[in-house]
Amino acid sequence: MLPVHLDRARPEPLPAQLTAAVRGLVTDGTLSMGDRLPSSRALAADLGVARAVVEQAYDQLLAEAWVETRRGSGTFVASGETLPVQAPPPRPATREPEYVRLDAGTPWIDPRHLAGWRRAWREVSVTRPPRGYPDPRGLPELREALAERLARTRGLAVEPDEILVTAGSTDGLRQLLGVLGPGPALVEDPGYRAAVETIRAAGRAVVDHPALTPVTDLAGCAAAYVTPAHQHPLGRVMPAADRLALLAAARAADAVVVEDDYDSEFRYDVAPVPALAALDRSRVAYLGTASKSVSPSLRLGWLVAPAALHEGLVRRRTINHDTPSWPNQRALLTLLRDGWVDKVVRTARRVYADRAPRVAAALEPHAELAGPLAGMYSTWLTDPAAATAARAAARAAGFDVRLLAEYCRSTSLTGLVLGFGGVTDAELDQALAAIAGGLAGAPAR
């Protein structure tokens, strides 16, 4: 058995303690490359914990490449080719507290799908890269795969040559802002903080607009940035009448509507809502991202701009070489062609469908749900004192949850924006217990 001790009195979840302990055994030489680890059943019995604790720890170690599995043989310390290099720990005097982030943007990637991820990068390593600078629009084969996916999943019929591959949705927004005429950009409030900062960094003013109020006037604005399929962060789907009003306002003002379609695939109550761009391709610029379905660290997205802006975007990208890295594009192409992305999305959707009601059951006695349950996060309205108390309780337990006030500029909504994608089930349960305790113990209004 492994020389490991788990302490239930510590704030770290048991799976996290076991993961760290096994890492330490590898780095200090107690475990060598190729050593066989005990079965999850045997180690759980030895440690006196549930088998799920060991399974979650092994899944995390597999995801981090500390261990590898061999069919029919068990789990082993990874070979030297895949064993990660661990940086020396920082000095305790300067080390910042490390929290498990309950953010709205980190997705759940099932560790069982990691073989497909590794296969994609092996294909990158044996594929010959393009000569010179790549196509400024993006890898042609990737744009073909994205066009097929947009038609199939979002009801958006586009030609591959109409798609521009970007380094994420904020990169696509930045490039759009560079070809628009003068004027500020309207942004929902509360809204996506990165979009606000991107607009300001481009030298444009931001016009705050209450997030749940129809946009009927865009006079003087160059653009309106919206998240119609799942308003970020309040969660509402933009009603059909509001969509038509927004498009009418954009036509009247000769403005562009920027649709950020960041997580529309993760509806589990109804079918995904069709893209706003499908209603008027000449007026809507569509932004998509691989951050929620593949990984935020891949830094890839796509932009379908109105025809009047497309050539200007391509021209600027040609001059500036403003395209994502070819290896990342090639890896995403393999993930799409192999069906890996579809598989990951289906798995994550099931996980979110299970977790969202658990979050609701824990928080509904203490807070008000701001919008329908969908995607990988939910937003809860509370008074300021309760929100602050809940965040403090979460941090005391080792978790960080965002305050709704951080997404507001002119509005004064308060509460919590709680992501449940980038954690294990055990971590989520521990975080919910701490947050609910903080809400319950907050001073009365």
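I take two strands to pair if DSSP finds at least two bridges between them. The model I am reading is a predicted one.

**Entry 1: the open sheet**

I looked up the strand order first. Seven strands form an open sheet in the order S4-S10-S9-S8-S7-S5-S6, and the pairing is mixed. I then asked which strands lie at the edges. They are S4 (163-166) and S6 (206-210), each of which pairs on one side only.

**Entry 2**

I picked S7 (residues 223-226) and S8 (residues 256-260). These two strands pair in the parallel sense, over four bridges. Within the pair, I found Val-226 opposite Glu-259 in S8.

**Entry 2: helices on the sheet**

I looked for helices that pack here. Helix H6 (residues 169-177) packs on the sheet and touches S4, S7, S8, S9 (284-289) and S10 (301-304). The direction of H6 makes about 155 degrees with that of S9. Helix H8 (residues 240-253) lies across S7, S8 and S9. I noted that H8 runs at about 140 degrees to S8.

**Entry 3: the nonpolar cores**

I asked which residues of the largest nonpolar core touch the most other members. They are Leu-218, Leu-246, Leu-332 and Ile-435, in a core of 78 residues. Helix H11 (residues 340-363) supplies the largest share of this core, with 12 residues. Another core lies apart from it; this one has 23 residues, including Leu-6, Leu-37, Ala-44 and Val-67.

Leaving out residues up to four places away in sequence, Leu-246 touches Val-215, Leu-218, Ala-224, Val-226, Met-238, Val-257 and Leu-276.

I turned to S14 (residues 415-419) and asked how many of its residues are buried. Five of the five are, so the strand is largely enclosed by the rest of the structure. The cut-off for buried is under 20% relative accessible area.

I checked the partners of S14 next. Strand S12 (residues 377-381) pairs with S14 in the antiparallel sense over five bridges. In S14, Val-417 is the residue that stands opposite Thr-379. Strand S13 (residues 399-403) also runs antiparallel to S14, and two bridges join them. Here Leu-403 stands opposite Leu-416 in S14.

Methods: Residues are numbered from 1 along each chain as its sequence is written. This is a predicted model: local features need pLDDT of at least 70, side-chain atom pairs count only at pLDDT 80 or more; totals for chains, interfaces and linings use all residues. Side-chain values use heavy atoms; hydrogens and water are left out. Buried means under 20% relative accessible area, exposed over 50%, partly exposed in between (1.4 Å probe, protein chains only). A nonpolar core is a set of buried Ala, Val, Leu, Ile, Met, Phe, Trp, Tyr and Cys residues joined through side-chain atoms within 4.5 Å. Contact means heavy atoms within 4.5 Å. Axes are lines fitted to C-alpha atoms, for helices over the stretch in contact, and angles run from 0 to 180 degrees between N-to-C directions.
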